[in-house]
There are 6 protein chains.
Amino acid sequence: MFYHTKKLQYFKPPEKPDPIYAKKIQELIGGTFGEMTVMMQYLFQGWNCRGPAKYRDMLLDIGTEEIGHIEMLATTIAHLLDKAPIKLQEDGAKDPVVGAVMGGSNPRDIITDVMAAAMNPQHAIVSGLGAMPADSVGFPWNGRFIVASGNLMADFRSNLHAESQGRLQAVRLYEMTNDPGVKDTLSFMIARDTMHQNQWLAAIEDLKAEGLEDTPVPSAFPLELEKREFAYQFWNHSEGTESAEGRWAKGPSMDGKGEFEYVKHPQPLGPEPTPPAQPEPRLYGTPQ
Amino acid sequence: MFYHTKKLQYFKPPEKPDPIYAKKIQELIGGTFGEMTVMMQYLFQGWNCRGPAKYRDMLLDIGTEEIGHIEMLATTIAHLLDKAPIKLQEDGAKDPVVGAVMGGSNPRDIITDVMAAAMNPQHAIVSGLGAMPADSVGFPWNGRFIVASGNLMADFRSNLHAESQGRLQAVRLYEMTNDPGVKDTLSFMIARDTMHQNQWLAAIEDLKAEGLEDTPVPSAFPLELEKREFAYQFWNHSEGTESAEGRWAKGPSMDGKGEFEYVKHPQPLGPEPTPPAQPEPRLYGTPQ
Amino acid sequence: MFYHTKKLQYFKPPEKPDPIYAKKIQELIGGTFGEMTVMMQYLFQGWNCRGPAKYRDMLLDIGTEEIGHIEMLATTIAHLLDKAPIKLQEDGAKDPVVGAVMGGSNPRDIITDVMAAAMNPQHAIVSGLGAMPADSVGFPWNGRFIVASGNLMADFRSNLHAESQGRLQAVRLYEMTNDPGVKDTLSFMIARDTMHQNQWLAAIEDLKAEGLEDTPVPSAFPLELEKREFAYQFWNHSEGTESAEGRWAKGPSMDGKGEFEYVKHPQPLGPEPTPPAQPEPRLYGTPQ
Amino acid sequence: MFYHTKKLQYFKPPEKPDPIYAKKIQELIGGTFGEMTVMMQYLFQGWNCRGPAKYRDMLLDIGTEEIGHIEMLATTIAHLLDKAPIKLQEDGAKDPVVGAVMGGSNPRDIITDVMAAAMNPQHAIVSGLGAMPADSVGFPWNGRFIVASGNLMADFRSNLHAESQGRLQAVRLYEMTNDPGVKDTLSFMIARDTMHQNQWLAAIEDLKAEGLEDTPVPSAFPLELEKREFAYQFWNHSEGTESAEGRWAKGPSMDGKGEFEYVKHPQPLGPEPTPPAQPEPRLYGTPQ
Amino acid sequence: MFYHTKKLQYFKPPEKPDPIYAKKIQELIGGTFGEMTVMMQYLFQGWNCRGPAKYRDMLLDIGTEEIGHIEMLATTIAHLLDKAPIKLQEDGAKDPVVGAVMGGSNPRDIITDVMAAAMNPQHAIVSGLGAMPADSVGFPWNGRFIVASGNLMADFRSNLHAESQGRLQAVRLYEMTNDPGVKDTLSFMIARDTMHQNQWLAAIEDLKAEGLEDTPVPSAFPLELEKREFAYQFWNHSEGTESAEGRWAKGPSMDGKGEFEYVKHPQPLGPEPTPPAQPEPRLYGTPQ
Amino acid sequence: MFYHTKKLQYFKPPEKPDPIYAKKIQELIGGTFGEMTVMMQYLFQGWNCRGPAKYRDMLLDIGTEEIGHIEMLATTIAHLLDKAPIKLQEDGAKDPVVGAVMGGSNPRDIITDVMAAAMNPQHAIVSGLGAMPADSVGFPWNGRFIVASGNLMADFRSNLHAESQGRLQAVRLYEMTNDPGVKDTLSFMIARDTMHQNQWLAAIEDLKAEGLEDTPVPSAFPLELEKREFAYQFWNHSEGTESAEGRWAKGPSMDGKGEFEYVKHPQPLGPEPTPPAQPEPRLYGTPQ
Ligand SMILES: [Ca+2]
Ligand SMILES: [Ca+2]
Ligand SMILES: [Ca+2]
Ligand SMILES: [Ca+2]
Ligand SMILES: [Ca+2]
Ligand SMILES: [Ca+2]
């Protein structure tokens, strides 16, 4: 069960409205790696967790924090959308091509019309100048963005990845604005992403130290059941061998259980497929 | 540019048809972590790569391999769907409740009818007993399943994660069949997933060794621009402190740049949000 | 079975083209509360209706009207897209940053280029200056936007809601244009939305008067099967009690069957969840 | 900012596992009217609310409660999936048609195989016997399921509708199980839905009493700007006049501002549309 | 504007309920090539048509017919869902594995339980035994299923294709039932698909005869602007030359403007791509 | 199994960056008829093909070619996004309406700001100036865009249609740029589309010549099982008879098996539908 406090985890208001930036920062709410993703991902991982209590508690703690991150961003967006230009400045040139769309000739009017033309139209029509559960092109967040597999190592690697993309995107958005308020709020969220990358790296070490999981995930699957002879080969599917120059092409494998091998001219090991001679007649496929 | 050889990378045919398993193994083609995902993810990362040539080449090599993995699974599914029961065995009991749906009373007919009832109906109606670009519940693969961000560390973490979920799902499917042919083909793919987990761990080390990227991603962002005082704190958003028992709650941070701190009773740092007193009147929102 | 008359239910042509507005008004065709939604929702409710004939007939009448609303809007959009600027005005400044994208320096060219940059690109590339079954950000209409549950009270409340959002959005779009033709057409559609809000309020009263349904929906479910002691409590999930000031926090409940109660400090009634000690080993989840 | 308590708002464990029912009850988590919908809808309405504080606080209170409802259902699903049959009972009849799919001939094996065939395969392959953010056919929850328009009357009507569909679906699921634990948990949730229907009816009255909004929504739009002559007409789009028998066809309109009128033989008011004589030649559409 | 007649275009009721078949036949309503697709496709093509009146009228005529096809199928589904088993037959074996899911040991109960397990759960929970705007796996119809490009030849080829897939699917469903009523209704729809395939072939000839369009579409684009030397080559992207045996590999091209050529060993004509040496630093991609 | 050569099939680099055009040309990668569609469609048709080897080989050859088309376009987009303006030019007028969004008054700055406002924000935030598997409005490619039915005539008609829409869209994009490099690359792709339209027309002839399939598809379905009396009628669903003027309304049918007939006043052949008198009580629908 959850409780809400009316205060925000952190917040500095934007100094000025900016409807175009409001469109862009939606990526951090409803994008593939936005706050809705990490919130839902951590909560479902926590609810589905059958492992030790410390992991479950940790997952629900951070998932609960992330709800508040959506809240901070939604508040930021409401401010950015304030005074958004929903109507054109003038009646437009009397011009058969340009029509009534945009008019006037002073730069300020043109700029305002650019904003009206390029902002997310749903911020005016649908949400009435509020945040939406969608990304920066208006595509809605959906449940396929998250994973909660029951295998904590697989999931912590997902979490590490999500916080890496998330911090990368937050940093890019930091660079895309000059507003001191927005930059301040983002600098808090970027710091939390630093923590969360560290947290998942630590959790991965913790799982290993507890002996619960290792590479390759899932490590409890008996290795002799996989075709071991292909478990450390890099197949070079092109001419040229630049790909031989990396750590993945030589030396001991990272799981300590094999040696990388570079297969320069890989050949197929299987046959040409032979479909059944005749398809099911009642499905009216094309026969041989 | 790409070339095709008619032989499969690896393949053993299923010994017997099994339309229910055909439905399930679709997850490995078109699911969030299926072969379509890794194929497209590696190819787009390669095409968009502006880093050193060895990474670009390696990404395109493995992406090209993954096209062949879809091919192997599509061939497997065509075999599993052979002789699928598209029509009911009998005319059904003359029974107003059960109706004509399923009939007969010998177990073999019942079993056949179960298969006809529970198989993916689109395997008969839409694909004519062939594979589809969809997952095990019939949801189509889509482009939001992949990421190619231009930051190779962020992306390699994604790749490591995808191969972890992928191997986990392949292993689960291995446990869900008794068919020696299917098990044999899967044991090859599971071994490749072992390689690919090792490969991405190696590539992550390689990026670090080259001095190109480190934790926190992106590491080129000046740390003084984030609020460092919150960059190593774990916030305990619940009563109880099981979450204090993990590696993430104490000791040096994994990036070596800080010390983990456990905040037992976290308090909000921001104010109550104050929306604008009056919404835009022409949008007819509810005023204060 | 359906018939078509070539005349439109109502229509005034736009006075001038406006491709940006064409993008925006797509919301009324293919948005969550657009005409495709009400059309499909009313038709499916009618086709699935097992209640008295007057409801079924009424649903199919209004659903049939709504097909014509899509037609009016599609015609409006075709006019708004006429003469849309699909090509840039000039070759652009010879400038390494701005490149060939947009050029010229007179306001009329800039405005035309803004339109070319901000209009829905699919209106040129995909539909050839015609309407599309999508909303104002280009997201396609889909079947999850509608509901037809078989319970007419639940569905009429949905209809009332859809016409409320629909009229709100139409009114917003009315405020976002200066074109007399567009405003005239919208003023007809807004009036129909007034009727339809009234219609669903009347239909809700009619259902009650017929004794077919009441609050709580579905009213035929025996109330003693729900935990009645929690059926009129408002739980205050935050500190502060502004939420106690509303009608929902005190006085007789709206269904006349209880008394609202304000629970100032709600406490969980359930236990801490205890997952199974060991997950299924063949699924390789993390054990306790 | 949010806090979590480890105890559930309410909960009785299922007495027995039931993977088929686990699939079905997913509708209440990730369906169009599931708990993810009401949670996200109320939170976004609260965060975007520019109206009086009592509404904002109330919205965030109930949104916070709904997070806990997802938690209750996720816990229920984990129990229902316990011991789910992921593998077939026997090796199958040696039968070229039935193959290895399902075998055995005793009813208990057949039943187990039915479960393995008909359960949501992602509950085994993807989530490792945990809940997913998807509905009962595996379609993921998405952001287009919710609305937060800034107009509280429009939104409260949506909320009333969502709780009506939600209670209807919960009641149907109550009838579809015999498990006393599941029934007990549902009977709590059904009672909360009773409260929430009453709550939104009360909130609608409260808005009216405050003079903030009325029918037609949005009521601040000047009525003289709509074509009033069509604002109370019911158009009979079919032969036959069963639809004349309802409250919507005669008598004073529900907003008290007009009189319903039944238009028995509605005629189009607009012209035949005349598209532009020649399409844009550079888009290569078909000319007249 | 549209009118409705209460009679169906054609209809024979199913003789018996069959909830599994109801799930399957949803493909013909809301699948990629279902009636919602052809209805919306033809109507949007008609509304957007700028070509001669005979095409526009024809498109709207057939689009209007297709609305009635959805109606026929929705009615069929309501009958098939009648008396669907929403509850299990018995309390189940007292068995810790099988649990309460399915019980009993007589075949009729097992069969009924199979139906309850395998039917589309939303047919009970969401639609109350009515049709839905979704396909046979429950995926919703969406606007990307249709095309209306403004080029009638491109679109008529789409229509021909849609009616081909549609008839193929209807025929497959015809083979998948024994119900005389369903077969009779389908035999009408299959005949209409025969007409519609003929109709689009005729319309394609008509467009050619009018001199409006030809191969390659769009034929008004000056051929000298494409690289003509590659306009009739078949590139053999694999070893082996089975693909040389078809009509597409030799002889005059179908547009009469060239000669097919078989390129046995195709070589790339372009360079290795060279990305920019340094990515934009503020986006923190990996540099060379 | 597949191989990659590092050289592109064809390529001329754009002369100048153009982020707006980069957004638009995404349609050719991830749109409904983009290269991802034809690549996946041909490969799945090839993998699922049970017909003669020449078709299977041909399908896999062309599918393999199409992978290289995505590669060409992805490379083009990376060049077009080079030096994209991710940050505003100036701090903006000190103006409460315009705010910090866009500022400056010289046309070059305004133009740069237009680009920053109207480009696809995900090209900066998500992909770091690389291509994405999405269309020109950012909607992701998905598996429902393709078809592989097992019936080659149905599928070749789909392929012909896809190449028609694809060439139409490529030609439109050719007209929407002045960049010689882009035009050159497109002129190669447009030529390949010419070949591919010819190829599918030839393959359709080939199938007929082989006696494998004919109109109506599927031709193996016994014609006497369809209601032949309705198989050549055009139903005029509107007043007015412009639709009688086309080839589809008179003369021998295209399959040579009937005569077109124009039904000027079509009448329903079916009854009014009669739903069951009482809905299932446990689903709480509205009764009659
Ligand atoms: Ca966060
Ligand atoms: Ca793989
Ligand atoms: Ca309407
Ligand atoms: Ca609830
Ligand atoms: Ca049809
Ligand atoms: Ca191509």
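Buried means under 20% relative accessible area, exposed means over 50%, and partly exposed lies in between (1.4 Å probe, protein chains only). This is a predicted model, in which local features need pLDDT of at least 70 and side-chain atom pairs count only at pLDDT 80 or more. Residues are numbered from 1 along each chain as its sequence is written, and chains are lettered from A.

**Exercise 1.** Find the protein donors of the calcium ion (ligand 2) and describe where they sit.

*Solution.* 
- Step 1: Look for N, O and S atoms within 2.8 Å of the metal (3.2 Å for Na, K and Ca); water is not among the atoms, so sites may look incomplete.
- Step 2: B:E35 belongs to helix α3 (residues 35-48) of chain B and B:H69 to helix α4 (residues 53-81), 34 residues apart. Helices here are DSSP runs (H or I, at least four residues), as are strands (E, at least two), numbered from the N terminus.
- Step 3: B:E35 counts as buried at 10% relative accessibility, and B:H69 counts as buried at 1%.

**Exercise 2.** Work out whether F:L129 is buried or exposed.

*Solution.* 
- Step 1: Go to the loop between α6 (121-125) and α7 (152-175) of chain F, where F:L129 is found.
- Step 2: Check the backbone: phi of F:L129 is near 70°, a positive value in a residue other than glycine.
- Step 3: With 3% relative accessibility, F:L129 counts as buried.

Note on methods: Side-chain values use heavy atoms; hydrogens and water are left out.
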